[in-house]
Amino acid sequence: MTESCSVPRGVWAIVREAVQLVRRDSGLYLAIVIYVLAGLIFLNAIGAADRLAFSIYFGSWISLNGFVLPTMAVLADAIFIIHRFNSRRRLVVKRVFSTERLAYSLSGLCLLTALMIFQGNFTSVKNGMSVWQGGFRYDVVQANIDAFLHFGTDPWRWLYAVAESDRVRAVIEWNYNVFWFLLNFGALFFVATSPMVASVRTRYLACFMAVWIVVGNILAALFLSAGPAFYGAVTGDTARFGEQLAFLARGAASSNSAAFYQQYLWSLYEAKQTGFATGISAFPSVHVGLAMLNALFVREYSRRLGAVALLYVAFVAFSSVYLAWHYAIDGYVAAIVVLAIYVVARQLIPADRRPVPSLPARTVDRPVAAAAVF
């Protein structure tokens with residue numbers, strides 16, 4: 001009887017501690033509420049209330065954060081315990097799955113659920129930006145600035161002079177559409193649910209949201225451009241990027257094809273319909289922005305890993321130009337803006353003082369490295 005009663009008590013203890021942690025996240029929840037309300041007001045004011053995209057993310061977001069990433073996290077914990085500890089494995093398992101640790105993870109999942117609504121609002125606002133601007137006004141200006149900064153030549157030509165290859169394209173497309181996604185949303189899940197990085201949790205999540213809002217909505221809406229892939233459609237000049245798009249079209253049959261996804265976005269734009277990750281904007285690049293954000297936080301842990309992460313930022317920036325998603329300046333500006341967001345956040349947001357489960361000394365030694373890079 002006592003054993004059967006201990007299970008509900010244990011669950012209640014986890015829920016009670018998770019509620020306390022959720023309360024500590026009240027500032028982040030409030031920011032999400034304000035952002036969503038601002039988005040709804042914006043869409044209604046410009047007559048684009050039909051561009052709402054909240055329901056689109058429910059299935060994929062819950063699958064990713066409720067099953068895929070938790071499964072990967074449990075497997076990573078298991079592998080770490082098996083390879084790092086011998087006689088103390090049972091103790092480590094007990095600590096890893098303690099009430100405090102599970103409560104921390106539960107509070108993180110609650111916040112990730114709120115961020116699902118946040119992402120839906122981001123896509124909704126992005127869908128409305130072209131309605132507000134009446135089209136894409138800044139492609140010619142941005143493309144010309146791009147060429148000016150790269151010795152009078154559109155930068156994709158420099159890249160194709162050394163890397164115009166179907167195999168190179170396939171690798172870059174896989175990184176841009178698959179690996180980047182796992183890396184950045186895996187990092188989000190890790191920071192939200194793992195006490196290993198409790199001290200930077202609030203600051204990272206605030207920066208994460210700021211990147212989407214400032215880079216992906218505010219700056220994108222003010223200087224709205226469609227990008228090289230759609231340059232011909234919005235300017236009438238199909239020759240400038242025609243050779244590049246013809247090369248990318250050779251891989252259209254691939255599941256990771258940039259050309260295929262670009263066609264998907266444009267068809268929905270023309271039909272004035274909303275879909276998964278719809279909305280077209282090039283300047284600045286959120287892809288580069290999020291990679292830069294993670295590189296800056298990784299650098300706090302290790303300068304060497306930070307250098308590797310910054311190289312990855314450069315690779316993502318080059319990839320965005322190679323695949324005709326962005327002008328090069330989109331990546332440059334995104335990196336600078338995210339650096340500014342990061343510096344301001346370090347000044348304004350103090351380290352979290354959250355209860356962290358007490359683990360054996362060696363458990364907080366080096367696992368942060370692998371998790372932070374993931």
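**Notebook: the largest pocket and helix packing**

I began with the lining of the largest pocket, to which helix 3 (58-84), helix 5, helix 8, helix 9 (201-222), helix 12 (258-271) and helix 13 (286-301) each supply at least two residues. I note here that the model is predicted.

**Entry 1: the pocket**

I looked up the volume of the largest pocket and found about 1000 Å³. The lining is made of 39 residues, and those closest to the centre of the pocket are Trp180, Tyr261, Phe276, Ala277 and His287. Which helix gives the most to this lining? I found that helix 8 does, with seven residues. I then sorted the lining by class and recorded 25 nonpolar residues, 13 polar residues and one charged residue.

**Entry 2: helix 5 and helix 8**

I turned next to two of the helices that contribute to the lining, helix 5 and helix 8. Helix 5 covers residues 99-133 and helix 8 covers residues 166-193; their axes come within 7 Å and cross at roughly 135°. Helix 5 is therefore oblique to helix 8. I recorded the crossing of this pair as right-handed.

I then listed the residues that meet. Helix 5 brings Arg101, Tyr104, Ser105, Gly108, Leu109, Leu112, Leu115 and Gln119, while helix 8 brings Phe185, Leu188, Phe189, Ala192 and Thr193.

**Entry 3: helix 9 and helix 13**

Helix 9 and helix 13 also supply residues to the pocket lining. At what angle do helix 9 and helix 13 pack? I noted an angle of about 155°, with the axes 10 Å apart. Because angles over 145 degrees count as roughly antiparallel, helix 9 is roughly antiparallel to helix 13. The crossing of helix 9 with helix 13 is right-handed.

From helix 9, I listed Arg203, Tyr204, Cys207, Phe208, Val211, Trp212, Val215 and Gly216; they meet Val286, Gly289, Leu290, Leu293, Asn294, Phe297 and Glu300 of helix 13. The classes in this contact are ten nonpolar, three polar and two charged.

**Entry 4: helix 7 and helix 14**

I examined one further pair. Helix 7 (residues 155-163) packs against helix 14 (residues 303-322) at an angle of about 100°, and their axes are 9 Å apart. This makes helix 7 roughly perpendicular to helix 14.

On the helix 7 side I found Pro155, Trp156, Leu159, Tyr160 and Ala163, which meet Phe318, Val321 and Tyr322 on the helix 14 side. I counted eight nonpolar residues in this contact, with no polar and no charged residues.

**Entry 5: the loop between helix 12 and helix 13**

I finished with the backbone. Most residues other than glycine have a negative phi, and most peptide bonds are trans. Where does Lys272 lie? I located Lys272 in the loop between helix 12 and helix 13. Lys272 has a positive phi of about 55°, although it is not a glycine.

Pro284 is likewise found in the loop between helix 12 and helix 13. I recorded the peptide bond from Phe283 to Pro284 as cis, with omega near -20°.

Methods
Residues numbered from 1 in each chain as written. Predicted model: local features only at pLDDT ≥ 70, side-chain atom pairs only at ≥ 80, totals over all residues. Heavy atoms only, no water. Axes fitted to C-alpha atoms, helices over the stretch in contact; angles between N-to-C directions. Helix = DSSP H or I, 4+ residues; strand = E, 2+ residues; numbered from the N terminus. Parallel < 35°, antiparallel > 145°, perpendicular 65-115°, else oblique. Left-handed = near helix turned anticlockwise from the far one by under 90°. Contact = heavy atoms within 4.5 Å. 1 Å grid on protein atoms, 1.4 Å probe; cavity = no way out; pocket = protein on both sides within 12 Å on 5 of 7 lines; lining within 4 Å. Points joined across faces, edges and corners; volume = space filled by probe spheres on them. Nonpolar A, V, L, I, M, F, W, Y, C, P; charged D, E, K, R; others polar.
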